[in-house]
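Here are my notes for you to read alongside the model. Keep the viewer open and find each spot as you go.

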Amino acid sequence: MKVNLIRVNGAMRIAFLLICYLATCVQLNAQAPKLVMGRILDKEASEKKRKPVPFDISSIGDIKIYYFNTVQEGKDMEAALNKDNISLTLSAMYEVPDATGAYQITLPETGSLVIKVSTAPAVFEAISGRREITTYVDMGHMISQVTVVGQRTEVTSMPETPDQYGDMIILNGAKVAVPPRIGKDNARMIVQPYVINNSKGKKVEMYRLPRVYDGSQYYLTQDRRMGYDITRDSLDAFIIENEPLSAEKASYMWNDTIKLSNAQDNFQVLALMQMEDYTRPYYERLLELSTRSPRRPLRFLEYSLDQYELDPKKYEEKPKVERRTGVEDISLSFLLGKAELDPEDPNNEVQLNKLKAKLLEVVNGESSTLKELHLYSVSSPEGSYASNMALSQRRLAYARSLVYSVIPVHTMQRLYTYTPNDSRVATWLEVADLLEQDTLPAEAAAIREIVEKYPKNQDQQFRQVAALPYYSTIIKSHLPKLRSMKCEYTAEIYRALTKEEILNRYRNDPDYHSGKKNFALYEYWHLFNMVKDPKELEELYRRAYHYSQELTGGKPWVLAANNLAVAYLKRDTVDTEVLKPLIDFSVRGCNVERTFDGRVIGIDNVEEVVANQLAMYLKKGDFSEASRLAQLLPDNEKNKKIKAFAFCLGGYYKVTSGLNDAEIARRLETFELVKNSSPLNNVVMCLAMKTHAWNEKAEKALEDLPADDPKTMYLKAVLYCRKGDFYAMQAEEALTNCFKKDSSYISIAEWDGDISEDCFKYAKMGYEDAMTTGGNE
């Protein structure tokens with residue numbers, strides 16, 4: 001007898017795969033959570049009374065049922081409880097039975113329970129597929145009730161007092177401390193930091209990137225759950241690979257540089273921390289990564305900024321050919337159903353003569369050329385659509401013959417007149433619009449309903465509208481408004497007005513003076529030099545700025561833009577958008593010539609423009625952007641001061657490790673230049689170094705400041721707070737005197753990381769007491 005080994009082997013293979021599949025299904029089914037009902041009973045009392053007896057909770061203390069997804073976790077808890085190791089219980093989930101000892105818990109069949117009744121030994125129960133569990137607990141011989149008091153250990157943070165430079169917060173050294181047993185090898189810790197604005201009711205300002213710490217076992221299992229493609233995990237990009245989570249005590253450091261929306265409000269960095277295993281979050285806590293009050297070491301730095309003006313002679317605009325478009329609406333009345341003007345209507349002649357005169361003015365002008373001429377015709381929808389369209393075209397042809405007749409043949413030969421779709425029939429929806437404008441909503445609604453019913457048949461629409469009872473009395477009287485013609489023309493005009501003519505136009509032509517009409521750029525250039533009133537000049541700069549953007553499609557005229565920025569800076573107004581289109585960070589440096597075929601066609605990053613934009617950012621408090629601009633400015637005597645203050649306010653004045661010699665030299669020069677710029681800046685820069693030696697120098701430098709100045713008193717309070725609790729009284733006294741001199745410092749001190757909370761509290765109380773009693777000394 002022959003045996004087909006291939007067939008037998010194939011059958012065995014199929015059987016093996018089927019067994020594996022069924023085993024997998026059983027395993028997966030076993031993982032599904034199910035409801036487990038149980039009851040805890042007093043073993044000794046039940047044996048004596050021969051019936052189930054629950055514990056008297058009032059006499060024995062608490063009863064807890066700890067539950068876990070796996071057997072091993074339950075055995076770990078049993079061992080820990082029997083050794084009085086309470087640290088593991090802090091992160092474990094538990095239920096409490098009712099007065100009869102009954103409980104219900106949803107767990108997978110692979111799970112386990114640990115029952116702990118007062119001082120009795122912990123009892124371990126493996127679920128093993130059971131749906132009902134009865135547990136008898138033997139209390140043994142109780143000598144007396146014992147109360148164990150333990151201190152609950154929580155995840156904590158050690159918030160850092162950050163430094164704030166304008167709109168930048170530097171967080172360096174915040175710490176998240178995780179005690180033993182909170183973390184686990186088979187768990188994940190997610191820390192989601194975010195920034196709140198304390199000045200606006202703790203409003204969330206932004207979210208920072210999360211940080212994820214995976215236990216070694218969790219990572220391996222998660223990789224398997226993701227089909228061995230961990231990138232499918234949405235948090236994979238945020239996992240900190242070299243800092244795994246474990247059951248051991250650990251600390252996680254936090255550094256960040258955060259750009260804020262503005263420099264004036266108070267910001268704080270918080271974080272939501274969450275521990276989770278494969279099925280649920282089991283621990284959550286809100287952490288402070290920074291104190292509520294950052295240090296602002298350069299808050300009181302004093303500096304003034306010069307405005308950089310351009311030489312107008314270098315940016316003079318010359319008269320040039322300009323294309324101007326004119327539009328004239330003409331109202332002509334035709335005989336009913338004909339392409340002939342109504343001879344009885346005198347307005348026809350007036351309208352035509354006005355248009356002809358306008359066109360001849362362009363044609364005969366010494367510096368103008370007529371380039372395009374287009375006429376458009378619209379007829380009312382009354383009657384047949386095809387007839388109306390044909391009539392509209394005949395009337396348009398007739399009007400063209402009248403208009404074209406006045407234009408010389410030489411001009412007509414060079415005139416572009418082709419316009420597709422130059423005739424159309426008005427729609428009944430346009431009639432409805434006219435009725436609504438004339439406060440006739442019901443009549444308009446009736447027409448709209450007809451159009452909606454016959455959307456593609458204008459002839460049917462007319463028949464239905466004409467059948468309305470008020471068609472002849474109301475609707476028909478509005479139709480002449482839709483019989484119109486329009487003439488558009490384009491001309492090239494070369495204007496070369498004298499500066500006196502330009503000024504006269506500005507002063508006496510209401511359209512030009514109000515801005516309804518724009519001057520040519522060369523006319524604006526002359527006005528910049530003739531108009532003296534600052535408000536008028538600023539408005540002219542603004543008009544020229546926007547008009548030049550229209551001409552170029554976005555990039556403004558350099559002179560108008562810089563003049564407008566200077567006008568803003570002079571009145572302490574900030575608008576960083578004015579000069580932004582004129583600065584290109586991809587071009588290194590200033591005054592870089594742009595050439596084409598060997599010709600200079602423009603200059604990128606004009607030095608004065610970059611300097612004024614830098615000043616704008618300093619006024620705004622955006623010191624990081626100001627520092628970028630300072631790197632573009634050339635190193636010369638003119639720019640020395642503004643560059644130094646930009647670098648200093650951006651925090652680039654300290655010498656730290658990792659800097660090259662050139663950077664070290666620049667920072668030392670920046671520090672010395674700003675420090676020596678004024679007695680107050682000497683104190684501020686010494687305090688900004690935040691070392692004991694520099695604090696001593698700051699204290700000595702304070703002697704050069706006026707003693708009765710509230711700013712001097714405030715800086716004294718900062719120094720005393722830095723010295724520690726031994727100088728608390730002096731700090732409070734100095735701050736109280738500061739508040740008495742100028743109460744605006746109260747809001748400053750409240751959010752200053754250099755002023756301790758106790759110092760602020762008692763100084764404010766002292767100030768309020770003094771105000772109540774009328775004292776001000």
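1. Start with the open sheet: it has 3 strands in the order E4-E1-E7, and the pairing is mixed. Bear in mind that this is a predicted model. Which strands sit at the edges? They are E4 (102-107) and E7 (132-137), and each of them pairs on one side only. On average, neighbouring strands in this sheet are turned by 25 degrees against each other, ignoring direction.

2. Now zoom in on one pairing in that sheet. Strand E1 (residues 34-42) and E4 run antiparallel, with 6 bridges joining them.

3. Next, the aromatic rings. How many aromatic pairs does the structure hold? The count is 22. One of them is Tyr218 with Tyr278: the ring centres are 5.1 Å apart and the planes are at 5 degrees, so this pair counts as stacked, the cut-off for stacking being under 30 degrees. Tyr218 belongs to helix H5 (residues 216-225), while Tyr278 is in the loop between strand E15 (267-276) and strand E16 (281-288), so the pair ties together parts that lie 60 residues apart in sequence.

4. On to helices. Two packed helices are described by the angle between their axes and the distance between the axes. Take helix H13 (residues 499-508) and helix H15 (residues 521-530): their axes are 10 Å apart and the packing angle is about 85 degrees. Angles of 65 to 115 degrees count as roughly perpendicular, and H13 and H15 are therefore described that way, as roughly perpendicular to each other.

5. Who does the touching there? From H13 it's Lys499, Ile502, Leu503, Arg505 and Tyr506, and from H15 it's Tyr522, Glu523, His526, Leu527 and Met530. Sorted by class, the contact of H13 with H15 has 6 nonpolar, 1 polar and 3 charged residues.

6. Last, have a look at helix H23 (residues 692-701) and helix H24 (residues 710-723). Their axes come within 11 Å and cross at roughly 150 degrees. Anything over 145 degrees counts as roughly antiparallel, and H23 and H24 are therefore roughly antiparallel to each other. Is the crossing left-handed or right-handed? H23 passes H24 in a left-handed crossing.

7. As for the residues at that crossing, Asn695, Ala698 and Glu699 in H23 meet Leu719, Arg722 and Lys723 in H24. By class, the contact of H23 with H24 comes to 2 nonpolar, 1 polar and 3 charged residues.

Terms used: Residues are numbered from 1 along each chain as its sequence is written. This is a predicted model: local features need pLDDT of at least 70, side-chain atom pairs count only at pLDDT 80 or more; totals for chains, interfaces and linings use all residues. Side-chain values use heavy atoms; hydrogens and water are left out. Axes are lines fitted to C-alpha atoms, for helices over the stretch in contact, and angles run from 0 to 180 degrees between N-to-C directions. Helices (H or I, at least four residues) and strands (E, at least two) are DSSP runs, numbered from the N terminus. Angles under 35 degrees count as roughly parallel, over 145 as roughly antiparallel, 65 to 115 as roughly perpendicular and the rest as oblique. A crossing is left-handed if the near helix is turned anticlockwise from the far one by less than a right angle, and right-handed if clockwise. Contact means heavy atoms within 4.5 Å. Ala, Val, Leu, Ile, Met, Phe, Trp, Tyr, Cys and Pro count as nonpolar, Asp, Glu, Lys and Arg as charged, and the others, Gly among them, as polar. Two strands pair if DSSP finds at least two bridges between them. Rings of Phe, Tyr and Trp (its six-membered ring) pair if their centres lie within 6.5 Å; planes under 30 degrees apart count as stacked, over 60 as edge-to-face and the rest as tilted.
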